[in-house]
Amino acid sequence: MKVSAVGVTDTGLVRALNEDSFLISGFENGLPYGFCILADGMGGHNAGEVASAMATEIIANELSNSEIGNSEEEIVSTITASLDYANNEIYNKSVSNSANAGMGTTAVVIYLNGKTAYIANIGDSRAYLIEEDGITQLTTDHSIVQKLLESGSITPEEARNHPEKNIITKALGTEPVEDYDIYEFSVQEGDKILLCSDGLSDMIDDSQINDILHQFINPDEAANALVAAAKENGGRDNITVVLISFIKED
Ligand code: CA
């Protein structure tokens with residue numbers, strides 16, 4: 001199995017700034033060891049940019065500089081500690097610097113250790129698993145709309161156009177202490193994992209994402225085609241995708 005990880009970020013067609021950020025590390029020679037981070041920042045002026053850039057850099061530094069063993073316990077505790085550290089740094093900067101007041105960011109992290117993938121999530125950026133026969137959303141959004149969906153107050157159709165669609169209930173940097181959803185699963189040859197900001201998932205639906213990822217074999221072309229489709233549908237927000245492909249070797 002050979003792993004390819006590529007990312008694309010685009011300001012979109014409406015926003016003046018790109019407050020999304022992503023980082024890919026590892027996967028040298030296609031080996032299944034590395035991590036990817038995607039963050040979608042929020043806050044006035046350019047504070048969202050500051051928050052998302054801080055998150056990707058701090059989490060990447062922590063993951064790169066930690067001695068991480070192979071056990072689930074060690075890996076999960078290291079990922080959690082890296083998110084805690086980023087949360088703390090962003091929170092401290094937001095309370096000590098008025099230009100950055102109230103800033104925060106989503107974060108979705110994938111850490112691959114051989115065939116075992118770990119995903120950590122806070123906010124409404126997403127991870128999807130794309131298999132031969134379809135697409136599955138791996139993460140659950142921390143959003144008002146997700147809560148309304150779970151309680152049965154609104155339908156999935158209503159969720160797509162809900163006025164509070166972009167209000168998240170959790171973010172890195174907005175509270176002194178946070179917690180995260182952590183998922184662990186095994187990947188198979190032929191699978192793809194997509195990380196994306198809501199600038200993608202708000203503009204195109206899951207079946208369209210699935211169609212594009214089955215249509216384009218080349219990972220760079222696939223990632224660019226996703227961004228292009230989001231822009232064709234309005235590009236109302238910043239669009240970021242990270243695509244990890246688990247390629248069968250001949
Ligand atoms: Ca966004």
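## Overall architecture

The chain contains seven helices and 11 strands. In this predicted model, the radius of gyration is 17 Å, close to the 18 Å that the globule rule gives for 250 residues, so the chain is as compact as a globular protein of that length. The C-alpha trace spans about 55 × 45 × 35 Å along its principal axes.

Of the contacts in the chain with a separation of 6 or more, 70% are between residues 24 or more positions apart. Of the 250 residues, 50% are buried. The accessible surface amounts to about 11,300 Å², and carbon and sulfur atoms account for 45% of that area.

In soluble globular proteins, nonpolar side chains tend to be buried together. The largest nonpolar core in this model comprises 25 residues, and Ile59, Ile79, Leu83 and Leu172 have the most contacts inside it. At least two residues of this core come from each of the following elements: strand E3 (33-42), helix H1 (47-65), helix H2 (72-96), strand E5 (107-113) and strand E6 (116-122). Helix H1 gives the most, with eight residues.

The surroundings of isoleucine 59 can be described individually. When residues up to four places away in sequence are not counted, isoleucine 59 touches Ile37, Ser82, Leu83, Ala86, Ala107, Val109 and Leu172. Two of these partners, Leu83 and Leu172, are also listed with Ile59 among the residues that have the most contacts inside the core. A second, separate core has 22 residues, including Tyr128, Ile130, Leu200 and Leu226.

## Cysteines and disulfides

A disulfide is a covalent bond between the sulfur atoms of two cysteines. The count of disulfides in the model is zero. For a pair to be counted, the two sulfur atoms must lie within 2.5 Å. The cysteine sulfur closest to that of cysteine 36 belongs to cysteine 196 and is 13 Å away, which is too far for a bond.

Conventions. Residues numbered from 1 in each chain as written. Predicted model: local features only at pLDDT ≥ 70, side-chain atom pairs only at ≥ 80, totals over all residues. Heavy atoms only, no water. Core = buried A, V, L, I, M, F, W, Y, C linked by side-chain atoms within 4.5 Å. Buried < 20%, exposed > 50% of the residue type's maximum accessible area, 1.4 Å probe, protein only. Helix = DSSP H or I, 4+ residues; strand = E, 2+ residues; numbered from the N terminus. Contact = heavy atoms within 4.5 Å. Rg over C-alpha atoms; globule rule 2.2 N^0.38 Å. Areas by Shrake-Rupley, 256 points an atom, 1.4 Å probe, with all protein chains shown as cover.
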